[in-house]
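Thanks for coming. Please have the structure on your screens.

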Amino acid sequence: MKTCFVVCPIGEANSAARKRSDQVFKFIISPVCKEKGFEPTRSDKSYAVDKIDQSIITQLETADLVIADLSGHNPNAFFELGYRTALKKPLIHIAAEEEMLPFDVSAIRTIFYDLSDLDKTEECKTRLAETIDAVCITDIQDTVATTSPSPQQNVNAQILTLLLEVRDSISDVKAL
């Protein structure tokens, strides 16, 4: 099974940040990842006896996919996001709906969630699943590029990317 490492603000036990991260992991990320053939994990869910910072770096380097929750502007999450970005490996940004992302990150497509609204949670899960499909198609194409991908694979990836952009534009228009 492929791995998905989840970057998020974990916070202290029983804190609001921990509760939100646990709920996002349990009700959004985990079911979607499992449906898509990924085993999701988080740094605080590991019971290995090692240095936690080295374990996180290893996960960032080796995971097939990373989902980064940018809620709360956690410095560790942004460090891990930057590290994974530098590796140019599959990465998906998510954040709480009310979150105002920093300028450098706000231009990157982000999936927003709202745990207080079940319809929005389901919409978020659908978008996450679609984004995983898009990221995986692109990743597969990058891997296969050396063995010349078929024209159909290129067309499918382009169509999926355009459809996601159209859906985002429609959402923006609806919001106005």
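I need a definition first: a nonpolar core is a set of buried Ala, Val, Leu, Ile, Met, Phe, Trp, Tyr and Cys residues joined through side-chain atoms within 4.5 Å. Buried is under 20% relative accessible area, exposed is over 50%, and partly exposed lies in between, with a 1.4 Å probe and protein chains only.

Some bookkeeping. This is a predicted model, where local features need pLDDT of at least 70 and side-chain atom pairs count only at pLDDT 80 or more, while totals for chains, interfaces and linings use all residues. Residues are numbered from 1 along each chain as its sequence is written, and side-chain values use heavy atoms, with hydrogens and water left out.

The largest nonpolar core has 24 residues. Which residues have the most contacts inside it? They are I29, L65, I67, I92, I94, L128 and I132. At least two residues of this core come from each of β1, α1, β3, β4, β5 and α5 (118-144). Helices here are DSSP runs of H or I with at least four residues, strands are runs of E with at least two, and both are numbered from the N terminus.

Take I92. Contact means heavy atoms within 4.5 Å. Setting aside neighbours within four places in sequence, I92 touches L65, V66, I67, A68, I111, L128, T131, I132 and V135. Another core, apart from the largest one, has 16 residues, including V7, I57, F78 and L101.

Next, the sheet. Its five strands form an open sheet in the order β2-β1-β3-β4-β5, with parallel pairing; two strands pair if DSSP finds at least two bridges between them. β2 (38-42) and β5 (110-113) are at the edges with a single partner strand each, so one side of each has no neighbour in the sheet. β1 (residues 2-7) pairs with β2 over five bridges, and V6 has R42 of β2 as its bridge partner.

Last, helix α3 (residues 75-87). Its buried residues are A77, F78, E80, L81 and R84. They are on the same side of α3, because they cover an arc of only 160° around the axis, taken from the directions from the helix axis to the C-beta atoms. What covers them includes β1, α2, β3, β4 and α4 (103-106). On the face turned away from that buried side are the exposed residues P75, N76, F79 and A86.
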